[in-house]
Amino acid sequence: MRTGNPSLSANTFDRYRGMTSENQMTIQGSVNKTFVLLLLVAATAIYSWNMLVANPGMGTGLMLGGALGGLVFALITVFVPKAAPVTAPIYALLEGLFVGAISATYEAQFEGIVFQAVILTFGVLFSLLLAYKSGMIKVTQNFRLGVVAATGAIFVVYLISFIGGFFGFNVPHLHEATPLGILISVGIVIIAALNLVLDFDFIERGAGSGVPKHMEWYAAFGLVVTLVWLYIEILRLLSKIYRR
C-alpha cells in the first residue's frame with residue numbers, strides 16, 4: 001500500500017490491521033471529509049485573496065504564514081494520525097491562506113490563470129478517479145515504486161533549489177519559461193497527478209482494512225495535500241506558458 005504522498009506512508013494502515021469495530025473508516029466517509037477540507041481551503045483562500053487585493057503588501061506574510069503554519073500542522077497530522085480530526089481542518093484553513101495569496105499573485109500577472117488552474121485541477125482529479133474506478137489504471141507494485149521514486153526526486157530538486165536560492169544558485173530551467181522549463185513543469189504535473197491514483201488506491205485499501213473512523217480525516221488530509229500540490233504545479237506550468 002505504498003504511496004508517493006508522504007502523509008500516506010506504506011505502514012499507515014498496517015498498524016491497525018485486524019481491529020474490529022463498527023466505527024470503522026469507509027470510502028464515503030473519506031470522500032465527505034475531503035469535501036469538508038476543500039471547503040475550508042476555499043474559505044480561507046477567498047479571504048486571503050481579498051486581503052491581498054485590498055493590501056498587496058500583505059502577500060508575503062499571508063503566503064509565509066499559511067505555508068509554515070500548514071507545514072507544522074501537516075507534520076503533527078503525519079506523526080499523530082489520531083489528532084487528524086482536529087489538525088487536518090486547521091491545516092486546511094492555514095493552507096488556504098497560502099493558496100489564496102499565491103493565486104492572487106499569479107492572477108495579478110496573468111488574468112484568468114487561476115480559473116484555468118482550478119478547472120484543470122478538478123478535471124484531472126475526476127478523470128483519474130474515473131480511470132481508476134473503471135480499471136483503466138491499475139496500481140501495481142512497480143507503478144507505486146515508480147511514482148514514489150519520481151516524487152522523491154522532485155522533492156530533492158525543489159529542496160536544492162530552495163537552499164540554493166540563499167546562495168544565488170538556481171536549478172537550470174526549473175523556474176524558467178523555456179521549452180525545457182515548460183517540459184519539466186509538465187513532467188512534475190504528471191507525477192503530481194499520478195499521486196492522486198496512489199491516494200485513491202490507498203484509501204480504498206484502508207477502508208477494507210478495518211481501521212478506526214479517525215483515519216477518514218487522515219486519508220482526506222493526504223488527498224488534499226496532493227490536490228494542493230497539483231494545483232500549484234498547474235499554476236506554475238500555465239504561468240510559464242503565458243510568459244512564452
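Me: Let's start with serine 30: buried or exposed?
Reply: Serine 30 counts as buried, because its relative accessibility is 1% and the cut-off for buried is under 20%. Keep in mind that this is a predicted model.

Me: Where does serine 30 sit?
Reply: In helix H1, which covers residues 27-54.

Me: And what is serine 30 in contact with, leaving aside its neighbours within four places in sequence?
Reply: With those left out, serine 30 is in contact with Met25, Ile203, Glu216, Ala219 and Ala220.

Me: OK, on to the cores. Which residues touch the most other members in the largest nonpolar core?
Reply: Leu37 and Leu196 do, in a core of 51 residues.

Me: Which helices each supply at least two residues of this core?
Reply: H1, H3 (84-109), H4, H6 and H7 (215-243) each do that. H7 gives the most, with 17 residues.

Me: Is there anything on what leucine 196 is in contact with, or which residues those are?
Reply: Leaving aside neighbours within four places in sequence, leucine 196 is in contact with Val124, Leu125, Leu128, Leu223, Thr226, Leu227 and Leu230.

Me: What about the second, separate core: which residues does it include?
Reply: That core has five residues, among them Ile154, Val171, Leu174 and Ile188.

Me: Switching to aromatics. How many aromatic pairs are there in the whole structure?
Reply: The search finds five aromatic pairs. One of them is tyrosine 132 with phenylalanine 200, a tilted pair at 6.0 Å centre to centre with 45° between the planes.

Me: Where are tyrosine 132 and phenylalanine 200 in the chain?
Reply: Tyrosine 132 is in helix H4 (residues 113-133) and phenylalanine 200 is in helix H6 (residues 179-207). They are 68 residues apart, so the pair links distant parts of the chain.

Me: Are those two buried or exposed?
Reply: Tyrosine 132 and phenylalanine 200 are both buried.

Me: Which residues form the aromatic cluster?
Reply: Tyr91, Tyr218 and Phe221 form one cluster.

Me: Now the surface. Which residues form the nonpolar patch?
Reply: Phe155, Val156, Leu159, Ile160, Phe162, Ile163, Phe166, Phe167 and Phe169 form it, and together they have about 1,000 Å² of accessible area.

Me: Take phenylalanine 166. Where is it found, and why does it count as exposed?
Reply: Phenylalanine 166 is in the loop between helix H5 (141-165) and H6. It counts as exposed because its relative accessibility is 63%, and exposed means over 50%.

How values were computed
Residues are numbered from 1 along each chain as its sequence is written. This is a predicted model: local features need pLDDT of at least 70, side-chain atom pairs count only at pLDDT 80 or more; totals for chains, interfaces and linings use all residues. Side-chain values use heavy atoms; hydrogens and water are left out. Helices (H or I, at least four residues) and strands (E, at least two) are DSSP runs, numbered from the N terminus. Buried means under 20% relative accessible area, exposed over 50%, partly exposed in between (1.4 Å probe, protein chains only). Contact means heavy atoms within 4.5 Å. Rings of Phe, Tyr and Trp (its six-membered ring) pair if their centres lie within 6.5 Å; planes under 30 degrees apart count as stacked, over 60 as edge-to-face and the rest as tilted. Patches are made of residues with over 30% relative accessible area and no salt bridge: like charges are joined within 9 Å, nonpolar side chains (Val, Leu, Ile, Met, Phe, Trp, Tyr) within 5 Å. Accessible areas come from the Shrake-Rupley method with a 1.4 Å probe; for residues, only the protein chains shown count as cover. A salt bridge is a side-chain nitrogen of Lys or Arg within 4 Å of a carboxyl oxygen of Asp or Glu. A nonpolar core is a set of buried Ala, Val, Leu, Ile, Met, Phe, Trp, Tyr and Cys residues joined through side-chain atoms within 4.5 Å.
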